[in-house]
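Work through the following exercises with the sequence and the coordinates at hand. Each task is followed by a solution in steps.

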Amino acid sequence: MKKLVTLAFVCIALTGCNSTKEPIYYYGDYSTAVYAYLKADDVTAEEQISMLEQIIADAANKSKNVAPGLHAHLGMLYFETGNPSLGTTHFETEKSLFPESVHYIDFLLKSAKGA
């Protein structure tokens, strides 16, 4: 009986020590997409857009929040491929999800529209 109580106590103590937390944001393969963008030799802008759209879809399917910067990156790619309306939409989404980015996104919008 004493061993059973000790075993139960150890199990409860170990369960209480579990400190693994779920990440706040869903990144998916975002680091791969950023690397592909920076390398710019192997992957086209359209393929990068597809990668980022898939990450956003995966996050929605898993009921997770997308990583900061993902919508801004996607917006930038849309501007580069000649689709400023979708670029603006993703910039505005980034601003609404992460209000601390408003000044930087506004700067990017002005730069993109001026180019």
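**Exercise 1. Overall layout**

Determine how many helices and strands the chain has, and in what pattern they follow along the sequence.

Solution. The model is a predicted one. Its secondary structure amounts to six helices and two strands. Reading along the sequence gives the pattern α-β-α-α-β-α-α-α. The chain has 115 residues, and 27% of them are buried. For contacts with a separation of 6 or more, 52% are between residues 24 or more positions apart.

**Exercise 2. The packing of H3 and H4**

Find the relative direction of helices H3 and H4, and list the residues through which they meet.

Solution. 
Step 1: H3 spans residues 45-61 and H4 spans residues 70-80; their axes are 10 Å apart and form an angle of about 150°.
Step 2: Angles over 145 degrees count as roughly antiparallel. H3 and H4 are therefore roughly antiparallel to each other.
Step 3: The crossing in which H3 passes H4 is left-handed.
Step 4: On the H3 side, the residues that meet H4 are Ala-45, Gln-48, Ile-49, Leu-52, Glu-53, Ile-55 and Ile-56. On the H4 side, they are Leu-70, His-71, His-73, Leu-74, Leu-77 and Tyr-78.
Step 5: Sorted by class, the contact of H3 with H4 holds nine nonpolar, three polar and one charged residues.

**Exercise 3. The packing of H4 and H5**

Carry out the analysis for H4 and H5.

Solution. 
Step 1: H5 covers residues 84-97; the axes of H4 and H5 come within 7 Å and cross at roughly 165°.
Step 2: H4 and H5 are therefore roughly antiparallel to each other, and their crossing is left-handed.
Step 3: H4 contributes Leu-70, His-71, Ala-72, Leu-74, Gly-75, Met-76, Tyr-78 and Phe-79 to the contact. H5 contributes Pro-84, Leu-86, Gly-87, Thr-88, His-90, Phe-91, Thr-93, Glu-94 and Leu-97.
Step 4: The contact of H4 with H5 has ten nonpolar, six polar and one charged residues.

**Exercise 4. Individual residues**

For Leu-74, His-90 and Gly-75, which residues do they touch beyond four places in sequence?

Solution. 
Step 1: Leu-74 touches Ile-49, Leu-52, Glu-53, Ile-56 and His-90.
Step 2: His-90 is in helix H5 and counts as buried, at 9% relative accessibility. The contacts of His-90 are Glu-53, Ile-56, His-71, Ala-72, Leu-74, Gly-75 and Tyr-78.
Step 3: Gly-75 belongs to helix H4 and is buried, with a relative accessible area of 0%. Gly-75 is in contact with Gly-87, His-90 and Phe-91.
Step 4: Gly-75 and Thr-89 are 14 residues apart along the chain, and their C-alpha atoms are separated by 7.3 Å.

**Exercise 5. A loop residue**

Is Ser-63 buried or exposed, and where is Ser-63 found?

Solution. 
Step 1: Ser-63 is in the loop between H3 and E2.
Step 2: The relative accessibility of Ser-63 is 67%, and exposed means over 50%. Ser-63 therefore counts as exposed.
Step 3: Although Ser-63 is not a glycine, it has a positive phi of about 55°.

Technical notes. Residues numbered from 1 in each chain as written. Predicted model: local features only at pLDDT ≥ 70, side-chain atom pairs only at ≥ 80, totals over all residues. Heavy atoms only, no water. Axes fitted to C-alpha atoms, helices over the stretch in contact; angles between N-to-C directions. Helix = DSSP H or I, 4+ residues; strand = E, 2+ residues; numbered from the N terminus. Parallel < 35°, antiparallel > 145°, perpendicular 65-115°, else oblique. Left-handed = near helix turned anticlockwise from the far one by under 90°. Contact = heavy atoms within 4.5 Å. Nonpolar A, V, L, I, M, F, W, Y, C, P; charged D, E, K, R; others polar. Buried < 20%, exposed > 50% of the residue type's maximum accessible area, 1.4 Å probe, protein only.
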